[in-house]
Amino acid sequence: MNNWISIEEKQNFYSNNYKRYDNESELKEMLSFLDNNREKYIYRGLSSWKFKCYNSIQRFYNTKNNDMDIEILGDILLQMTQSWNCKQITNYLTSLGVANDNSFAYLSLMQHYGVPTPLIDFSYDLDVALYFATSDQECLSKKESDYFSIYLIPKSSPIFGFESLINFGKSMLNDQFTVNGYAPYNLLRGKKTILAIENDIGATSFLTKNNCNIENQKGLFVINNYLHLSLEEGLSKFSEELGYKRNNNNNYRGMIDCYDINKNLIPIILERLQKKSINNSTLFSTTNTSNNLKIENFDTLWRDIEAELSQKEIKPDIPNLHEPQLIQGSDYMSLFAQIFSLSETIENSKIEGAVNENKVLERAILFLKMHEIEEAFNDIEYLITNSNSIEILSRLSFRLINVPNMEEHIKRILKKALKDIENNADCDANVHYYTGASLLYVGEIENSVIQCNKCLAKQPNNTAGLNLKVQLLVENHHFSQALETCEMALKLDPYSKQLLHNQAICRNLVTIKQNGPPHYFSKTVKIICRKIIHSIRCKFKNIL
């Protein structure tokens with residue numbers, strides 16, 4: 001977890017969204033502008049310009065527990081909180097009307113009692129951010145840090161609102177999110193996104209104002225689902241994925257502003273805060289006049305969880321491919337409508353005398369998403385029997401990797417397609433990748449290596465092909481080469497979750513091979529390596 005090396009580096013990153021204040025007149029002009037526009041932004045204060053906006057689970061993971069799997073650490077902390085002290089917190093939140101699957105409500109309380117979460121604190125009140133930026137006297141006294149920082153996110157940002165909430169829910173791998181329900185437990189998985197979490201979003205109430213701290217501090221949260229990036233870096237990536245154009249300097253695109261303020265101006269800030277009675281007593285009071293909250297003593301929550309956590313063995317996540325994903329009603333109807341449209345197209349193509357096999361493949365994939373295996377099987381069987389397209393067959397075999405009980409069908413597809421692929425020098429690189437991944441899944445390592453090499457021969461910078469090569473090298477216990485290949489691929493795609501995940505695994509494997517297993521492995525290196533290799537195999541994602 002890195003900080004800014006220089007103010008120039010930080011300013012270059014933020015570009016037009018960065019401002020620096022060194023004298024009293026500039027500061028007062030800025031404060032006057034924000035006082036007149038305070039409803040347009042949310043605010044966060046940090047005591048040093050050097051600090052990037054990381055959440056507490058990132059800091060915890062990187063400084064104390066880098067042997068854990070961050071993807072499941074958040075889930076475990078949430079579950080431990082729910083069961084803590086004979087379910088004291090669960091009972092407290094239930095008394096406030098919080099449902100057990102409302103993760104955001106639990107995370108809000110965890111955040112304010114020291115438990116690491118993926119949340120980042122913001123406030124609707126500028127003065128609260130100014131207080132937190134100027135309250136850390138130890139950091140403020142350091143001469144090498146001449147500025148403190150205030151961060152502003154405009155409420156017009158696409159991370160706000162009901163549509164962002166729904167997009168966030170749909171990005172989760174387990175799909176257990178509904179417009180009338182709550183966030184799923186595995187908050188750190190799935191497509192990366194960023195969301196502002198307010199007490200009420202649209203008609204959905206998350207009841208995050210469930211403790212006096214967040215009430216007194218006029219708080220809300222931003223959840224950064226880019227595990228290995230700071231908030232500003234994640235917002236940059238997120239805005240790029242949303243289609244925001246880069247500015248002339250090829251840098252940041254305006255979803256967050258940074259104001260660095262000279263520490264010599266702190267007396268002006270403190271005078272302002274004193275006049276408004278913004279202090280430790282008012283922000284951390286156990287009473288609140290606007291909400292009749294029942295006060296509970298949760299002061300030992302994090303101490304107890306941390307002690308229990310140190311005894312836990314958190315292993316790399318091995319997905320259960322046989323556990324069905326839940327499709328909610330609105331999503332189910334949407335998929336059904338797509339299938340209906342595809343079926344009409346397929347029937348019309350039959351009448352015209354040529355079945356559109358691409359549409360048959362699309363329909364099979366949608367049936368699989370809906371877990372209508374029997375319906376999908378009809379289309380799969382049709383393609384295996386009738387299709388001579390190596391592109392369609394290779395895509396089909398790849399799509400079946402994460403479907404239970406499909407290994408024999410994958411082998412049938414490969415048997416049919418492999419000869420044509422070998423004899424066709426004009427095959428697209430992706431065909432070789434799909435085939436190589438499928439071969440790896442069914443255990444044909446040597447043939448998978450051949451297809452992987454052909455993919456990379458045609459497209460040396462194909463990151464999917466490089467990732468497949470990493471997995472094959474791990475499979476053959478060439479851990480150092482796997483790490484080198486992974487790091488080369490990350491230069492091409494530095495934000496790839498899969499590559500970052502595999503990089504961490506490869507580093508662990510190299511360390512194990514060189515130094516022996518670390519203390520938290522209770523089994524032999526051989527067994528652990530097998531589990532990690534199995535985890536990598538199971539991490540194939542559908543990229544079509």
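These legends walk through several close-up views of the predicted model shown above.

The model is predicted, so local features need pLDDT of at least 70 and side-chain atom pairs count only at pLDDT 80 or more, while totals for chains, interfaces and linings use all residues. Residues are numbered from 1 along each chain as its sequence is written, and side-chain values use heavy atoms, with hydrogens and water left out.

**View 1. Helix 16 packs against helix 17.** Helix 16 spans residues 373-386 and helix 17 spans residues 390-399; helices here are DSSP runs of H or I with at least four residues, strands are E runs with at least two, and both are numbered from the N terminus. The two axes lie 10 Å apart at an angle of about 140°. Each axis is a line fitted to C-alpha atoms, for helices over the stretch in contact, and angles run from 0 to 180 degrees between N-to-C directions. Helix 16 and helix 17 are therefore oblique to each other (under 35 degrees counts as roughly parallel, over 145 as roughly antiparallel, 65 to 115 as roughly perpendicular, and the rest as oblique). Their crossing is left-handed, meaning that the near helix is turned anticlockwise from the far one by less than a right angle; clockwise would be right-handed. Helix 16 brings I380, L383 and I384 to the contact, and helix 17 brings I392, L393 and L396 (contact means heavy atoms within 4.5 Å). By class, this contact has six nonpolar, no polar and no charged residues. Ala, Val, Leu, Ile, Met, Phe, Trp, Tyr, Cys and Pro count as nonpolar, Asp, Glu, Lys and Arg as charged, and the others, Gly among them, as polar.

**View 2. Helix 17 crosses helix 18.** Here the partner of helix 17 is helix 18, residues 407-423, and the axes come within 9 Å and cross at roughly 145°. This crossing, too, is left-handed. From helix 17, I390, L393, L396 and S397 meet I410, I413, L414, K416, A417, D420 and I421 of helix 18. The classes in this contact are eight nonpolar, one polar and two charged residues.

**View 3. N224 sits in strand 8.** Strand 8 covers residues 219-224. With 0% relative accessibility, N224 counts as buried (buried means under 20% relative accessible area, exposed over 50%, partly exposed in between, with a 1.4 Å probe and protein chains only). Its side chain reaches the backbone nitrogen of Y226 at 3.0 Å and the backbone oxygen of L229 at 2.9 Å. Leaving aside neighbours within four places in sequence, N224 is in contact with residues including N55, Q58, P118, T193 and G234.

**View 4. D379 meets R363.** D379 belongs to helix 16 and, at 7% relative accessibility, counts as buried. The side chains of D379 and R363 make a polar contact at 2.9 Å; such a contact is a pair of N or O atoms within 3.5 Å, where within protein one must be able to donate a hydrogen and the other to accept it, and residues adjacent in sequence count only if both atoms are side-chain atoms. Beyond neighbours within four places in sequence, D379 is in contact with V360, R363, A364 and F367.

**View 5. C86 and H477 have positive phi.** C86 is not a glycine, yet its phi is about 60°. This residue is in helix 4, residues 70-95, and counts as exposed at 73% relative accessibility. H477, also not a glycine, has a phi of about 65°. H477 is in the loop between helix 21 (463-475) and helix 22 (479-492), and is partly exposed with a relative accessible area of 40%.
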